[in-house]
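The entries follow in the order of the searches.

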Amino acid sequence: MRQSLRLLGIGGIGIIRMSGENCFDVLEKIFVPKKKQPIEEIKGYTMKYGHIADSTGSVVDEVLVSYFKAPKSYTTENMCEINSHGGNVVVKKILELCLSNGADLAEPGEFTKRAFLNGRIDLLQAESVIDVINAKSEKEAKTGIKQLEGFLSEKIAEIKKEIMDVMVNIDVSIDYPEYDVDEVTSKQITDMLDSVGKKLTKLEKSFDNGKIIKEGIKTAIIGRPNAGKSSLLNAILKENRAIVTEYEGTTRDTIEEFVTVNGIPLKLIDTAGIRKANDEVEKIGIEKSKEIANEADLIIAIFDASKELTQEDLEILNLAKNKKTIIILNKMDLESKIDENDERLKAVSNSILKISALKKQGIEELYDEISNLFELNEINLDQDIVITNVRHKNLIEKALESVKKAKETMENKMPLDIIAIFIKDILEDLANITGEIVTDDIIDEIFSKFCLGK
Ligand code: GDP
């Protein structure tokens with residue numbers, strides 16, 4: 001078996017991880033423990049102190065080595081982790097020593113891939129490892145960890161069992177047609193298909209929430225120059241000392257920023273444009289606003305309430321039509337010239353808030369309104385299983401399609417062996433999700449998204 005090992009980043013400590021049947025042989029050639037002990041005597045989940053030395057006996061670093069013995073390790077193989085001092089030079093040198101003594105470099109995700117191929121975790125759990133690592137918010141990390149713990153896998157297993165229980169009866173009926181079980185079986189099949197359909201639909205629906213948790217609510221702040229877009233942005237970002245992650249937007253030249261405010265994950269579109277516009281270098285025109293409004297899940301349309309609604313304001317309002325929109329009457333610290341009951345506003349949205357971006361008043365109400373609009377308070381992460389992965393969603397949709405087809409075969413009173421084929425399709429779709437049957441291409445694609453060392 002190949003060894004694999006990987007650098008796990010550079011910091012105070014460097015960790016070189018090895019997995020594989022012979023990893024202790026490689027380790028033995030380079031590690032000089034303070035207290036020598038045969039490998040058979042060393043227990044898993046223990047650490048040893050010593051030095052890494054090269055072939056001349058010259059000491060490279062002072063290290064702690066953790067031992068994990070098969071099958072009780074991350075990959076289920078023998079594993080060890082050399083904890084050295086961080087920093088490029090030392091870690092690189094130890095890595096080279098491992099390689100020259102028989103180890104191979106690991107691919108991204110290879111440790112998790114081995115855990116999957118060796119049957120310790122299923123594909124769902126392996127994928128959740130990436131989600132946990134990449135989580136941008138607490139909610140997202142929590143859904144990832146739940147999946148890692150196998151909640152989604154259990155749910156899929158439960159649905160599969162329900163199908164299998166009925167499949168057994170179908171097979172009996174097919175094999176022994178002389179027994180008259182058709183009536184009973186037919187009712188069982190219909191009930192089972194209904195129940196499975198309901199459960200899968202619930203999972204499929206959870207994706208909308210999952211997408212929000214994972215990607216954030218795509219939010220566009222639009223308004224004419226001087227309405228207060230940039231002040232509002234500052235109020236949102238600065239107040240919360242938000243951790244901001246920048247992404248390249250889908251539209252040309254836009255930058256998206258991911259922030260979590262009051263537990264609400266927001267992906268703000270074209271914040272760079274708003275900032276730039278504020279420098280008086282370039283004001284965002286209607287065209288640009290249209291572009292970002294098109295992309296958004298949520299539009300925050302902001303108006304300067306100290307002035308009457310202008311033609312430009314009405315154009316902005318027009319962009320927000322037919323979208324989830326919150327209308328903001330800004331500058332409420334000044335005398336108001338816009339009536340919040342103005343029919344032109346109400347025609348676009350019922351969410352109309354008065355705030356002062358400058359004085360940071362009314363911002364909390366804005367967050368509450370977003371939570372309400374997206375029913376964020378309804379998501380109960382402790383109880384509900386939330387699908388966050390597009391691959392899973394597509395396969396669940398496919399399974400639902402198979403459920404629908406199986407139902408049709410029932411309604412059309414097709415022979416049992418034909419119905420059985422369609423029911424087996426559902427099982428196959430579900431097995432694809434957990435990775436019981438999955439092609440190498442898909443496995444490679446999934447693990448290629450991993451970072452090195454995991
Ligand atoms: P933008 O062009 O839409 O980004 O607007 P800005 O955020 O740059 O705001 C334009 C001007 O309005 C600035 O001078 C702000 O200080 C001012 N402003 C923004 N919000 C308020 C507010 O709530 N009250 C008052 N009085 N002035 C505000």
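**Entry 1. Source of the coordinates**

I note at the outset that this is a predicted model.

**Entry 2. Salt bridges**

I first asked how many salt bridges a search of the whole structure finds. The search returned 24 salt bridges. I then examined several of these pairs one by one.

I looked up Arg114 and found that it forms a salt bridge with Glu110, with the closest N and O atoms 3.1 Å apart. Both residues belong to helix 3, which spans residues 110-117, and because they are 4 residues apart there, about one helical turn separates them. Are the two partners buried or exposed? I recorded 10% relative accessibility for Arg114, which counts as buried. Glu110 is buried as well, its relative accessible area being 9%.

I next turned to Lys354, whose salt-bridge partner is Glu340; here the closest N and O atoms are 3.5 Å apart. Lys354 is part of strand 14 (residues 352-354), whereas Glu340 sits in the loop between strand 13 (324-330) and helix 12 (343-346), so the pair ties together parts that are 14 residues apart in sequence. For accessibility, I noted that Lys354 is partly exposed at 40%. Glu340, with a relative accessible area of 32%, is partly exposed too.

I found Asp429 to be buried, at 3% relative accessibility, while Lys398 is partly exposed at 45%.

I also noted a network: salt bridges with shared partners join Lys155, Glu158, Glu162 and Lys199.

**Entry 3. Helix 6 against helix 15**

I asked at what angle helix 6 and helix 15 pack. The angle is about 155°, and the axes lie 10 Å apart, helix 6 being residues 151-175. Since angles over 145 degrees count as roughly antiparallel, I describe helix 6 and helix 15 as roughly antiparallel to each other. I recorded their crossing as left-handed.

I then listed the residues that make the contact. From helix 6 they include Ile156, Ile159, Ile163, Met164, Met167, Ile170 and Ile174. From helix 15 they include Leu416, Ala420, Ile423, Ile426, Leu427, Leu430 and Ile433. Among the other contact residues I noted Lys160 and Asp171 of helix 6, and Asp417 and Lys424 of helix 15. By class, the residues of this contact divide into 14 nonpolar, 2 polar and 4 charged.

**Entry 4. Val259**

I located Val259 in strand 10, which covers residues 255-261. Its relative accessibility is 0%, and Val259 therefore counts as buried.

**Entry 5. Helix 13**

Which residues of helix 13 (residues 363-373) are buried? I found Ile363, Leu366, Tyr367, Glu369, Ile370 and Ser371. After helix 13 comes Glu375, for which I noted a positive phi, near 50°.

Terms used:
Residues numbered from 1 in each chain as written. Predicted model: local features only at pLDDT ≥ 70, side-chain atom pairs only at ≥ 80, totals over all residues. Heavy atoms only, no water. Salt bridge = Lys/Arg side-chain N within 4 Å of Asp/Glu carboxyl O. Helix = DSSP H or I, 4+ residues; strand = E, 2+ residues; numbered from the N terminus. Buried < 20%, exposed > 50% of the residue type's maximum accessible area, 1.4 Å probe, protein only. Axes fitted to C-alpha atoms, helices over the stretch in contact; angles between N-to-C directions. Parallel < 35°, antiparallel > 145°, perpendicular 65-115°, else oblique. Left-handed = near helix turned anticlockwise from the far one by under 90°. Contact = heavy atoms within 4.5 Å. Nonpolar A, V, L, I, M, F, W, Y, C, P; charged D, E, K, R; others polar.
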